Amino acid sequence: MSEYILRTKNLTKKYKHNYALENVNLNIKQGEIYGFIGQNGAGKSTLLRLITGLAFPTEGTIEWFGNDDPKGLTNAQKRMGALIESPALFPNMSAFENLEIQRIQRGIPGRESIDNILQLVGLMDTKNKKVKNFSMGMKQRLGIGIALLSDPEFLLLDEPINGLDPTGIVELRELIKNINHEKGITVLISSHILSELHLLATSFGIIHKGKLMEELTAKELDEKCRQYLQIKVDRPAIASTVLEQELATSDFEIMQDGTIKLYDYLDDIRTVSLALTQKGLIMEHLSQNGDSLESYFSKVIEEGEHE
Ligand code: ATP
């Protein structure tokens, strides 16, 4: 079986003269929680609609589960569950009845699986309550429950966090992690809030104006957003010894131009400065550097503006 659950090749969607997506090459590996991040109008929903077959590409191909046969969509659909936009729920029915009606309509066997789903999405205690009395977060979780009815391998969630209160966001995050960890389901989740996706995703795709600007793992993103003290002294080799011996740290790098990146002592810049100058080193530069998640995101997007 392919390592990838989904890959797109030069995927393009054009509406009249505008590109909603342009040559997007997305790579989602099995077992990942893939965070698809972009501002409003960046093309997130369009991509999810193409993947699920709700719309068709102008150009390019989609490979689901290692198969790029266009006819493979019908097969792939059976292995995917999706929550795109708000879930279509019957407000006068209970959570149980909503799941049951969907199960029957989609011809999915196993009435007994509904209680398992209610348990998983945390709605067991309120399974007989009418959905019109549900909070937004409960409705989203029920929507995810409906997407899980067919026991999918791949779950697609389009901006599920939108409109939720802080408790709802935490509950949804825990649910998605649980679905991924316990059931081994690969998840694609879109959002415009990188800090929120960062608490959840194992990989990221950053999209801007229809173009995929960057794909990176959570580890790579953390590296890029790591804070450090940038130190420039006249004799970096001696500074390195001072850091190791006087400040007992080895958490630093010496760059090619002799600048030192120190990942330690971020809250104690004065101690670093004193230790180095007391050894007679001339301090040419000392500052705290590094991107926050949001500033990194803005930087990537800004690069897209100049392309
Ligand atoms: P949002 O979070 O605001 O929905 P998004 O990232 O999901 O943003 P899309 O809805 O995919 O963005 O839209 C991408 C671009 O394609 C936008 O400029 C949008 O106006 C355009 N677009 C989307 N659907 C259509 C359509 N049916 N006809 C014309 N243009 C469209």
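In this protein, residues 24 or more positions apart make up 68% of the contacts with a separation of 6 or more, where a contact means heavy atoms within 4.5 Å. What you're looking at is a predicted model, where local features need pLDDT of at least 70, side-chain atom pairs count only at pLDDT 80 or more, and totals for chains, interfaces and linings use all residues. Residues are numbered from 1 along each chain as its sequence is written, and side-chain values use heavy atoms, with hydrogens and water left out.

Let's start with the overall build. The protein has eleven helices and 14 strands; these are DSSP runs numbered from the N terminus, with helices being H or I of at least four residues and strands being E of at least two. Its C-alpha atoms fill a box of roughly 80 × 45 × 35 Å along the principal axes. The radius of gyration is 24 Å, while a compact globule of 307 residues would have one near 19 Å. That radius is taken over C-alpha atoms, and the globule rule is 2.2 Å times the number of residues to the power 0.38.

Now for the surface. Of the 307 residues, 47% count as buried. Buried means under 20% relative accessible area, exposed means over 50%, and partly exposed is in between (1.4 Å probe, protein chains only).

Next, take a look at the ligand. The residues around it include Tyr-15, Ala-20, Asn-40, Gly-43, Lys-44 and Glu-159, where being near takes one heavy atom within 4 Å. Helix H1 (residues 44–51) gives the largest share of this shell, three residues. By type, the shell splits into three nonpolar, six polar and two charged residues. Here Ala, Val, Leu, Ile, Met, Phe, Trp, Tyr, Cys and Pro count as nonpolar, Asp, Glu, Lys and Arg as charged, and the others, Gly among them, as polar.

Zoom in on the ligand's oxygen atoms. A backbone N or O atom of Gly-43 lies 2.9 Å from one. A polar side-chain atom of Asn-40 is 3.5 Å from an oxygen atom of the ligand, and for Glu-159 a side-chain N or O atom is 3.4 Å from a ligand oxygen. Taken alone, the ligand exposes 630 Å², and the protein buries 53% of that.

Lys-16 sits in the loop between strand S1 (4–15) and strand S2 (18–24). Its phi is near 50°, a positive value in a residue other than glycine. Lys-16 counts as exposed because its relative accessible area is 79%. Asn-23, which lies in strand S2, also has a positive phi near 50°. At 42% relative accessibility, Asn-23 is partly exposed.

Leaving aside residues up to four places away in sequence, Glu-196 touches Ile-161, Ile-169 and Arg-173.

Finally, find Asn-133 in the loop between helix H4 (113–120) and helix H5 (136–147). With 48% relative accessibility, Asn-133 counts as partly exposed. Asn-133 and Ser-94 are 39 residues apart in sequence, and their C-alpha atoms are 9.5 Å apart in space.

Methods. A polar contact is a pair of N or O atoms within 3.5 Å; within protein, one must be able to donate a hydrogen and the other to accept it, and residues adjacent in sequence count only if both atoms are side-chain atoms. Accessible areas come from the Shrake-Rupley method with a 1.4 Å probe; for residues, only the protein chains shown count as cover.
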